[in-house]
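Good morning, and thank you for joining. Please take a moment with the sequence and the model before I go through the chain.

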Amino acid sequence: MYPLKNWLAYPRGYKFGQKTFYSDFHLGLDIVCPLNTQIIAWEDLTVSNAFFGTQGGNTIWVKTDGKLFRFMHLSKPGKTGTYKKGEVIGYTGNTGTSTAPHLHVDISKNGTLEINNHSNFIDPEEYFKQINDNNMELTKDQKKEL
């Protein structure tokens, strides 16, 4: 499961590590999608912080698997708390310094936000591909057992 239904079908804006008009290194991935697209819990997780920031607009921080995920530019502020896999944790938007509707997601691998430590960030595209591939393999293995 991905945080957006049709995750793979949406066009990409700035990708992880790409140079942008405002930075030499984009910390995350921008997914171009319609306003108010549901952001879904891809596993059981905790939204640990929800706030409005000048750059990211409405933002939520998700903690799971020892990592910190930031979802930015949301249309509505998210709510803190625990969520089960498949529940809606927010909606995409165009807030903060966003120039068009999209979802920005970045992942800090050590669970803390260290903006200037680029080596602490991992590519969201690769992360979600890997966990989805691993789930597919598990399903194939389970089928073999039947």
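The radius of gyration of this chain is 15 Å, and a compact globule with 146 residues would have a value near 15 Å, so the two agree. That radius is taken over C-alpha atoms, and the globule rule is 2.2 Å times the number of residues to the power 0.38. Along the principal axes, the C-alpha trace spans about 55 × 30 × 30 Å.

A word on provenance. This is a predicted model, in which local features need pLDDT of at least 70 and side-chain atom pairs count only at pLDDT 80 or more, while totals for chains, interfaces and linings use all residues. Residues are numbered from 1 along each chain as its sequence is written, and side-chain values use heavy atoms, with hydrogens and water left out.

Next, the secondary structure. The chain holds nine strands and one helix, in the order β-β-β-β-β-β-β-β-β-α from the N terminus on. Helices (H or I, at least four residues) and strands (E, at least two) are DSSP runs, numbered from the N terminus.

Some totals for the chain follow. Of its 146 residues, 41% count as buried; buried means under 20% relative accessible area, exposed means over 50%, and partly exposed lies in between, with a 1.4 Å probe and protein chains only. The chain exposes about 8000 Å², of which carbon and sulfur atoms supply 53%; these areas come from the Shrake-Rupley method with a 1.4 Å probe, and for residues only the protein chains shown count as cover. Taking contacts between residues at least 6 apart in sequence, 59% join residues at least 24 apart, where contact means heavy atoms within 4.5 Å.

As for charge, there are 16 positive and 15 negative side chains, and the centres of the two sets lie 4 Å apart. Lys and Arg count as positive and Asp and Glu as negative, whereas His and the chain ends are not counted. Each charge is placed at NZ of Lys, CZ of Arg, CG of Asp or CD of Glu.

I now turn to strand β8. How many of the six residues of β8 are buried? Six of the six, in residues 103-108, are buried, so β8 is largely enclosed by the rest of the structure. Burial applies to both faces: Leu103, Val105 and Ile107 lie on one side, with His104, Asp106 and Ser108 on the other.

Which strands pair with β8? Two strands pair if DSSP finds at least two bridges between them. Strand β1, residues 29-31, is antiparallel to β8 over three bridges, and isoleucine 31 stands opposite leucine 103. Strand β5, residues 67-74, also runs antiparallel to β8, joined by five bridges. Within that pairing, methionine 72 faces histidine 104, and leucine 68 has serine 108 as its bridge partner. Strand β9, residues 121-122, is linked to β8 by two bridges, again antiparallel, with isoleucine 107 opposite isoleucine 122.

Strand β5 is itself mostly covered, with eight of its eight residues buried. Six bridges connect β5 to the antiparallel strand β4, residues 57-64, and isoleucine 60 has phenylalanine 71 as its partner in β5. Strands β4 and β5 form a hairpin with two residues between them, and aspartate 65 in the turn has a positive phi of about 55°.

That brings me to backbone angles. Most residues other than glycine have a negative phi. Asparagine 6, in the segment before β1, has a positive phi near 65° and counts as exposed because its relative accessibility is 56%. Asparagine 36, in the loop between β1 and β2 (38-40), likewise has a positive phi, of about 65°. With a relative accessible area of 41%, asparagine 36 is partly exposed.

I close with two C-alpha distances. Glycine 53, in strand β3 (residues 45-53), counts as buried at 15% relative accessibility. Glycine 53 and cysteine 33 are 20 residues apart in sequence and 21 Å apart in space. Aspartate 133 sits in helix α1, residues 124-145, and is partly exposed, at 36% relative accessible area. From aspartate 133 to methionine 1 the separation is 132 residues in sequence and 9.9 Å in space.
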